[in-house]
Amino acid sequence: MVTQKKRYNRIKIVLLENEKSNIWLAEQLGVSRTTVSKWCTNDNQPTVETLFKIAEVLGVEVCEMLVTGKK
């Protein structure tokens with residue numbers, strides 16, 4: 001049975017909610033646009049340390065980066 005991966009993850013959603021782009025986030029973190037793109041499409045995941053930096057840059061709590069808040 002093949003499962004389809006999610007197209008976007010919470011990083012992409014929070015970027016959209018904050019009207020920020022992948023390029024902006026890449027510049028803020030000092031990483032490549034490709035790296036951020038891979039995070040947003042679930043091809044790769046940031047380290048826990050980087051996830052905390054992402055949350056700080058976006059002005060959100062880390063838990064907001066991990067869960068949707070919907071039941």
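When residues up to four places away in sequence are not counted, Lys-20 touches Leu-15 and Leu-58, contact being taken as heavy atoms within 4.5 Å. The structure is a predicted model, in which local features need pLDDT of at least 70 and side-chain atom pairs count only at pLDDT 80 or more, whereas totals for chains, interfaces and linings use all residues. Residues are numbered from 1 along each chain as its sequence is written, and side-chain values use heavy atoms, with hydrogens and water left out.

Lys-20 is placed in the loop between H1 and H2, and its C-alpha atom lies 8.5 Å from that of Leu-58, a residue 38 places away in sequence. With a relative accessibility of 35%, Lys-20 counts as partly exposed; on this scale, buried means under 20% relative accessible area, exposed over 50% and partly exposed in between, as computed with a 1.4 Å probe on protein chains only. The loop between H1 and H2 also holds Glu-19, whose phi is near 55°, a positive value in a residue other than glycine. Glu-19 is exposed, its relative accessible area being 74%. A positive phi, of about 65°, is likewise found at Asn-42, which is not a glycine. Asn-42 belongs to the loop between H3 and H4 and, at 24% relative accessibility, is partly exposed.

At the level of the whole chain, the secondary structure consists of five helices and zero strands, so that the order of elements from the N terminus reads α-α-α-α-α; these elements are DSSP runs numbered from the N terminus, with helices (H or I) of at least four residues and strands (E) of at least two. Of the 71 residues in the chain, 30% are buried. Among contacts between residues at least 6 apart in sequence, 58% join residues at least 24 apart.

Two helix pairs that involve H2 were examined, with axes taken as lines fitted to C-alpha atoms, for helices over the stretch in contact, and with angles running from 0 to 180 degrees between N-to-C directions. The axes of helix H2 (residues 22-29) and helix H4 (residues 48-58) come within 10 Å and cross at roughly 115°, which makes H2 roughly perpendicular to H4. In this classification, angles under 35 degrees count as roughly parallel, those over 145 as roughly antiparallel, those from 65 to 115 as roughly perpendicular and the rest as oblique. On the H2 side the contact is made by Trp-24, Leu-25, Gln-28 and Leu-29, and on the H4 side by Lys-53, Ile-54, Val-57 and Leu-58. Sorted by class, these are six nonpolar residues, one polar and one charged, where Ala, Val, Leu, Ile, Met, Phe, Trp, Tyr, Cys and Pro count as nonpolar, Asp, Glu, Lys and Arg as charged, and the others, Gly among them, as polar.

For H2 and H3, the axes are 8 Å apart and the packing angle is about 120°, and the two helices are therefore oblique to each other. Their crossing is right-handed. H2 contributes Asn-22, Ile-23, Leu-25, Ala-26 and Leu-29 to the contact, while H3 contributes Arg-33, Val-36, Ser-37, Trp-39 and Cys-40. The residues of this contact divide into seven nonpolar, two polar and one charged. Cys-40, in helix H3, is buried, with a relative accessible area of 2%, and its C-alpha atom is separated by 5.9 Å from that of Ile-11, 29 residues away along the chain.

In soluble globular proteins, nonpolar side chains tend to be buried together. A nonpolar core is here a set of buried Ala, Val, Leu, Ile, Met, Phe, Trp, Tyr and Cys residues joined through side-chain atoms within 4.5 Å. The largest such core comprises 15 residues, of which Ile-11, Ile-54, Leu-58 and Met-65 touch the most other members. Two or more residues are given to this core by each of helix H1 (10-17), H2, helix H3 (33-40), H4 and helix H5 (62-66), and H4 gives the most, with four residues. Ile-54, apart from its neighbours within four places in sequence, is in contact with Ile-11, Leu-25, Leu-29, Trp-39, Pro-46 and Met-65.

Technical notes:
A crossing is left-handed if the near helix is turned anticlockwise from the far one by less than a right angle, and right-handed if clockwise.
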